[in-house]
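Hi,

Here is the structure I promised to pass on. Have a look at it first, and my notes follow just below.

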Amino acid sequence: MCRTNRIRGDGNEMMPKTFLWGGATAANQCEGGYRLDGKGLSIVDVERASTNKQKRIIDSSVLNDVHYPSHDAIDFFHNYEQDIALFAEMGFQCYRFSIAWSRIFPRGDELEPNEAGLQFYDRVFAELKKYRIQPIVTLSHYEMPLVLVQMYDSWRNRQVIDFFTRFCEVVMNRYKDDVIYWLTFNEINATVEVPRPWHQAGLIYRDDEDQYQVSLQASHHMLVASAQVVTLGRVINPDFKFGCMLLYPVFYPLTPSPKDTQAVHERLSYIYYYGDVHVKGRYTHTCQAVWQRHGVKLQIEREDEQILRNGTVDFIGLSYYFSLAVGIDGSNSEGNLIVGNKNPYLETTQWGWQVDPAGLRITLNNLYDRYEKPLFIVENGLGAVDEVTADGKIHDSYRIAYLDAHIEAMQQAILIDKVDVIGYTTWGCIDLVSASTGEMSKRYGFIYVDLDDKGQGTKKRLKKDSFYWYKCLIETNGADITKRLFNPE
Ligand code: BGP
């Protein structure tokens, strides 16, 4: 039989031995303990849950009788030993998590850090070390101290660059022997993508302001802060590796109309805007086109150009969940933060995200073609409702199918297209609070956490079927998938 689609290999194809497998979480979505050991309020601590993400309310202070999901989250604060032991049981080689700024600098503008807050992370690092799990640390994952939002106007204000740098300096010094891979801002391109009040960059828009002007000025401050932190980090430990983190859905033209392809090009420019500054250290023609499109005029100080040039990143972290079609005729499909058009070739998750493993291979190729920097997939996963059977099992074959197909696409990019991908961490390796809606019922984990959307439950941890599947995958460095790629029958 003639097999035209057979991939030829020499029999030695395998995933790089240094490849890092693991999982990812973020402080505000899993820690809880929102006022413990001197932690200050973060903007997420006044954000209510809502199944309609456009309608999430951000209060100006904590109100009685309102459920704020971040307050207890899954209580990783008290369960970290048990949770990390479960990660170790799966064979995690790395664990990506974030450090809550408001735990270290409760207001954000102090000169001295909160020692008790640091001690919590000391315990987490020690536990990871015990199991030889490499920490991948995000310095800012969708939150900042509430005082900086309310009294300093968040990232609109240039002063916040120094507050953030101080926070990072403390953390990088404290953990200089524990961490190699740092990510500065989670999904930094979401800053310009999200046209609604929410906690990214602490930006709550006022009615009379131009959102592009505000979000791109705030982004400038974040990009300068990121570059400054990278430069400082390299002094603290020259072995540190810094990454940016981009939210990258693939965009397809909705129709063969050249106008739709042009629309794709424009959509991508909002991702490359951030990638270019992080990787190339300057505002490229792509960035200038974005400014012109929206009549944006940035205030850029003289020293900024040098800071950006010096603080370029070593690798690109990315999140990939779904793809979107893009046409000039409006949008009708959801993603986590980005909207686009429905693609008739794809199915959707229970939350309406279009499932597209092949899109991950395209994403990796696009990013590598443009930047030629190592890539790290630091988020990928399926949010789904899970049922616990009477005997305490969770048969999440749908999650296994999703992850298996995406890992296969990643392996195609690595082994066939020769893209340099250094690691893969699934999002929400343990069930946690959803970033977009605040729900618990949208579960991503290999580990089930017994809590509902109101935060009620025993917090008991249960292993899902996917737990055993991922363990096996890590043990064999993805060998079954590699074999399938090169011997498809
Ligand atoms: C990304 C965020 C994560 C995470 C994930 C899943 O955008 O970086 O924090 O939450 O999306 O999204 P959600 O939690 O809304 O399902």
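Two strands are taken as paired if DSSP finds at least two bridges between them. This is a predicted model, and in it strand 3 (residues 134–140) and strand 4 (residues 181–185) are joined by four bridges and run parallel.

Searching the whole structure turns up six cavities of 30 Å³ or more. The second largest cavity has a volume of about 90 Å³. It is lined by 13 residues, and those closest to its centre are Asn28, Val44, Arg56, Val433 and Ser434. By type, the lining of this cavity comprises five nonpolar, six polar and two charged residues.

What about disulfides: how many does a search of the whole structure find? The count is zero. Cys168, for one, has its nearest cysteine sulfur, that of Cys244, 15 Å away. Cys168 has 0% relative accessibility, so it counts as buried, the cut-off for buried being under 20%. For Cys472, the nearest cysteine sulfur is that of Cys94, 18 Å away. Cys472 counts as partly exposed because its relative accessibility is 38%, which lies between the 20% and 50% limits.

Best wishes

Conventions: Residues are numbered from 1 along each chain as its sequence is written. This is a predicted model: local features need pLDDT of at least 70, side-chain atom pairs count only at pLDDT 80 or more; totals for chains, interfaces and linings use all residues. Side-chain values use heavy atoms; hydrogens and water are left out. On a 1 Å grid over the protein atoms alone, a cavity is a set of points where a 1.4 Å probe fits but cannot get out, and a pocket is an open set with protein on both sides within 12 Å along at least five of seven lines; lining residues have an atom within 4 Å of a point. Grid points are joined across faces, edges and corners, and a volume is the space filled by probe spheres set on the points. Ala, Val, Leu, Ile, Met, Phe, Trp, Tyr, Cys and Pro count as nonpolar, Asp, Glu, Lys and Arg as charged, and the others, Gly among them, as polar. A disulfide is a pair of cysteine sulfur atoms within 2.5 Å. Buried means under 20% relative accessible area, exposed over 50%, partly exposed in between (1.4 Å probe, protein chains only). Helices (H or I, at least four residues) and strands (E, at least two) are DSSP runs, numbered from the N terminus.
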